[in-house]
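This report covers helix packing and the nonpolar core of one protein model. The sequence and structure come first.

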Amino acid sequence: MGLFENEFPRLPRNYHLPLSKIQVKPFDVETTLADVKQERKNQARKYRGPDSPLYSAIYPLVCIMKVFGLAPYDFTGDEMSPGNFCLVISFAFMFIYCYILYMVYLRFTNLKRHTQMLHVVETTKVIVNFTVAMYELISTILTRKVFSRIWNALQDSDESFSHLGYPRKETTTKIVVWAILFIQILVWTVINQSGMYALTEAWFFNVSYMCVYIGTAIPVYKFFGLTSFLGQRFHQLNQIARENLPPRVGYKSSSVSKKTIQDLHNKLMLSSEELASLYSWSLLLWLGNLSVHSVTNMYFIIDWVILMPWTNIAWPLVFNIWSWEVEFITQLLVIHIACDYTITEANSMGAIFVEWDARVIQRFPYDDTVRTSLPFLNRRLHFSAGGLFDVNLPLLCSIVSVLSTYLVILLQLPA
């Protein structure tokens, strides 16, 4: 007590300290509600697992792939992993495709065609498409772990972008998914109805015949989606790198370092190279299958419409074949567009790093960080079809040129 008396000699024993006045802040409902909404908006979104924006955007197409046994995957927590239940569906569709091939064989055996060439061409097309469909099912089963690893890498990149202050919005992806779904339903419905009318086929046989072709179309759009997702992330990373370039004049601190961008680009490149290796033989089979169907369909359309009298043309059959042709051309386009887009975005980072180093060396001549950018100039992404040729938009021009040559040769033969 003596210590306190020495410390506070001026205060008498009966002195009471004044109480602080409480300042009451007026409560505004609108302001509070706006603050709550802003706080929820700024909260970190979940970019992993089945509730992620990307998976939610493509969920309708995932359901269709699961029905056809082409998505034997599931989620263990937030990580994608091989799924056993969907694997059973994949094996079931192998037997379904074999049964459909047997039905088509019986149909073609009892069907009398006008020319032998038409019979040979249609039989060849069915066998080639059946081979591609079976290969896709087997490949999907054997490469489940690789595909899951690529998807998990996509989740990691989205989470990294969010932590850097660049969260992804999948609104455009959702719109494209529903657009593809609507267009495909429309095209396949037209093919079904026109085929039943033109060939007087039963609904069950026509749908069964189409089922194998749908089974080869779904992997194409699956590859298109996954490749485009990687291209979108390369595009976003390029934008981040351009925004954080050192200024030419003055000083401005970069919110994202060059080392961070290099690490993210390296991870995306590893996933893209793994994807290119995974679909290398599939690309070769798709291009061969679609090219054979496209050139033969165009042959019959030109032969019937141009070289035959209009009074003898079966217009419903021409319309049905043209509907098939639209679907095959669409698949060819999406394959080449997705590959070319992702390749362009992935290989643009080297030029950005060169610009980054040029600005750094201009101000700091003795900086030796330029050597870290050399691997990005030499490392080029490409999608190869079985190691024979690269798949990009220039290849599409070459395919059109070659198919035109074969089409002219076919037109010299009697239909």
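Leaving aside its neighbours within four places in sequence, which residues is Ile 261 in contact with? Ile 261 touches Leu 237, Ile 240, Ala 241, Val 256, Met 349, Phe 353 and Trp 356, where contact means heavy atoms within 4.5 Å.

The model is predicted, so local features need pLDDT of at least 70 and side-chain atom pairs count only at pLDDT 80 or more, while totals for chains, interfaces and linings use all residues. Residues are numbered from 1 along each chain as its sequence is written, and side-chain values use heavy atoms, with hydrogens and water left out.

Ile 261 is among the residues with the most contacts inside the largest nonpolar core, together with Tyr 97, Trp 151 and Phe 383. This core has 104 residues. A nonpolar core is a set of buried Ala, Val, Leu, Ile, Met, Phe, Trp, Tyr and Cys residues joined through side-chain atoms within 4.5 Å; buried means under 20% relative accessible area (1.4 Å probe, protein chains only). H9 gives the most to the core, with 20 residues.

| Pair | Axes | Angle |
|---|---|---|
| H8 (residues 171–199) and H9 (residues 203–243) | within 11 Å | roughly 160° |
| H12 (residues 315–346) and H15 (residues 393–411) | 8 Å apart | about 150° |

H8 is roughly antiparallel to H9, a term for angles over 145 degrees. The residues of their contact divide into 13 nonpolar, six polar and no charged. H12 and H15 are also roughly antiparallel to each other. Leu 333, His 336, Ile 337 and Asp 340 of H12 meet Leu 393, Pro 394, Leu 395, Leu 396 and Ile 399 of H15.

Notes: Axes are lines fitted to C-alpha atoms, for helices over the stretch in contact, and angles run from 0 to 180 degrees between N-to-C directions. Helices (H or I, at least four residues) and strands (E, at least two) are DSSP runs, numbered from the N terminus. Angles under 35 degrees count as roughly parallel, over 145 as roughly antiparallel, 65 to 115 as roughly perpendicular and the rest as oblique. Ala, Val, Leu, Ile, Met, Phe, Trp, Tyr, Cys and Pro count as nonpolar, Asp, Glu, Lys and Arg as charged, and the others, Gly among them, as polar. Buried means under 20% relative accessible area, exposed over 50%, partly exposed in between (1.4 Å probe, protein chains only).
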